[in-house]
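Hi everyone, thanks for making time for this. I'd like to walk you through one structure, a piece at a time, so please have a look at it with me.

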Amino acid sequence: MFDINNQSEEIKRILDYVSTDNLFISLYLEVDASKITKQDYLSKLNSMIVEKRSEIEKNSSISNLNRKNLNDIFIKIKNYFNDYYRPEFVKTVLLFAGEDDTWVEIKLPVNIKSKIMIDPKPHTQVLRTLINNTTRYGILEIDREKAQIYLMYLGQIQEGFAAFISEVPSQVKYRREGSDREKQQMGRIEVKLNQFFKIINDKLLSLFREGKIDTLILAGIKDIALQFKNYMSSSIQPKYIGYITSDKPFSPQSLKENASKLIKQVETEYKDNIVKKLLEEYIPTEWGVIGAADSIKYLMLDQIKILIYDTDFETPGYVCEKCGYLTIKEEPSCPYCDGRLIHYSDITDEIIEVALNQGCELVEVRENQYLKDSGSIGAILRFKISA
Ligand SMILES: [Zn+2]
């Protein structure tokens, strides 16, 4: 999982890092099991390390002590990846390793081309974009006796934020002609239920305010969940995306499965809607482009707000060996720096990486025929296409 949550302190430190004399290795290693074998990514790692070592040897601004430390880190990295077990969902491992003993590993759900960067601080732009791009789903599981709020993030239930016990009796006999005593009792129960709801509502408000969750799913016994839905603050209402129920209490597994199903549905709707808007609104008004050539052109101009692409999208192209300029057309040399253009059989990873570095929102779409028919890639722009 992209377990930002369990590592939030470490990641915050990485993002806020201030440069020092210490050098930092930022390693992206593509380990996607559907694309690459372990043998291949280990040999890629090896050749990148050989290359970096020779650069370090040649660089006179790097001290002997820095060199020795970096070499020690490279050995540690090699040993680590030799023993590394790759979970199914990981496409790229991002590792920050510093001379100050920093060692932070983040499992990314996107393909990023393997590379090593050595700088006085960590390379964080990709991480920042991914954090901004990934929805943190809050799940409130609620019944009369208790309630619990969980975080679901990148397909996993990451943690329970809070648990609540209510003073509301679980079994209440409703009689049509209640005695006064029963009516009083019902009144007290209502008050207790309201108190219970208020505590939960306040906790949710603070979780939203602190950015710990972005949306809310309700789970549990239908009448209580829907009662709470009516109760919750008007500022939470628009964040509510749906409700899951079950005849018996959720097991952790069934909660995850049911929530995943709902999330998938909501995300598919969102993605299909973005494709629809791109084709029906943004393209006609010149706020959008489709196809690899135009998408790459506007990416190079730093004008893409949302990049939308099919899971199976790929395109051959050229990458400037000096500045990273991308194009699908063969050109004599890079129009920006005159560097040599190298042919790649697929430049999708490069496109995604540039988009992440620019802070674009990335929308990966599956099984959308309209997008496939439009070249499998398109973008919503930051500026209207100028004439
Ligand atoms: Zn160039």
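Let me begin with a term: a salt bridge is a side-chain nitrogen of Lys or Arg within 4 Å of a carboxyl oxygen of Asp or Glu. Side chains of opposite charge can pair when their charged atoms come close. By that rule, this structure holds 14 salt bridges.

Two notes on where the values come from. This is a predicted model, so local features need pLDDT of at least 70 and side-chain atom pairs count only at pLDDT 80 or more, while totals for chains, interfaces and linings use all residues. Residues are numbered from 1 along each chain as its sequence is written, and side-chain values use heavy atoms, with hydrogens and water left out.

Now for some of those pairs. I'll also say how covered they are: buried means under 20% relative accessible area, exposed means over 50%, and partly exposed is in between, using a 1.4 Å probe and protein chains only.

Aspartate 16 pairs with lysine 12, and their closest N and O atoms are 2.9 Å apart. Aspartate 16 has a relative accessible area of 47%, so it is partly exposed. Next, aspartate 143 and lysine 146 meet in a salt bridge at 3.2 Å, N to O. Aspartate 143 is buried, at 17% relative accessibility, whereas lysine 146 is partly exposed at 43%. Glutamate 210 is partly exposed at 48%, and lysine 212 is partly exposed at 36%. There is also a network: salt bridges that share partners join Glu30, Lys35 and Asp349.

Asp349 takes us to helix 9, where it is one of the buried residues. Helices here are DSSP runs of H or I with at least four residues, strands are runs of E with at least two, and both are numbered from the N terminus. What does glutamate 350 touch, not counting residues up to four places away in sequence? Its partners are Lys113, Val319, Leu326 and Tyr344, where contact means heavy atoms within 4.5 Å. After the helix comes glycine 359, with a positive phi near 75°.

On to helix 3, residues 64-82. Its 19 residues should span 27 Å at 1.5 Å a residue, and its end C-alpha atoms are 27 Å apart, so the two agree. The expected span is 1.5 Å times one less than the number of residues. Among its buried residues are Leu70, Ile73, Phe74 and Ile77. The buried residues of helix 3 pack against strand 1 (24-30), helix 2 (38-58), strand 2 (92-98), strand 3 (103-108) and strand 4 (115-119). On the other side of the helix, Asn64 and Leu65 are exposed.

Last stop, the zinc ion. Which residues hold its protein donors? They are Cys320, Cys323, Cys334 and Cys337, each through SG, lying 2.2 to 2.3 Å from the ion. Donors are N, O and S atoms within 2.8 Å of the metal (3.2 Å for Na, K and Ca), and water is not among the atoms, so sites may look incomplete. In sequence, the donor residues follow the spacing C-x2-C-x10-C-x2-C. Cysteine 334 is buried at 3% relative accessibility, but cysteine 337 is partly exposed at 27%.
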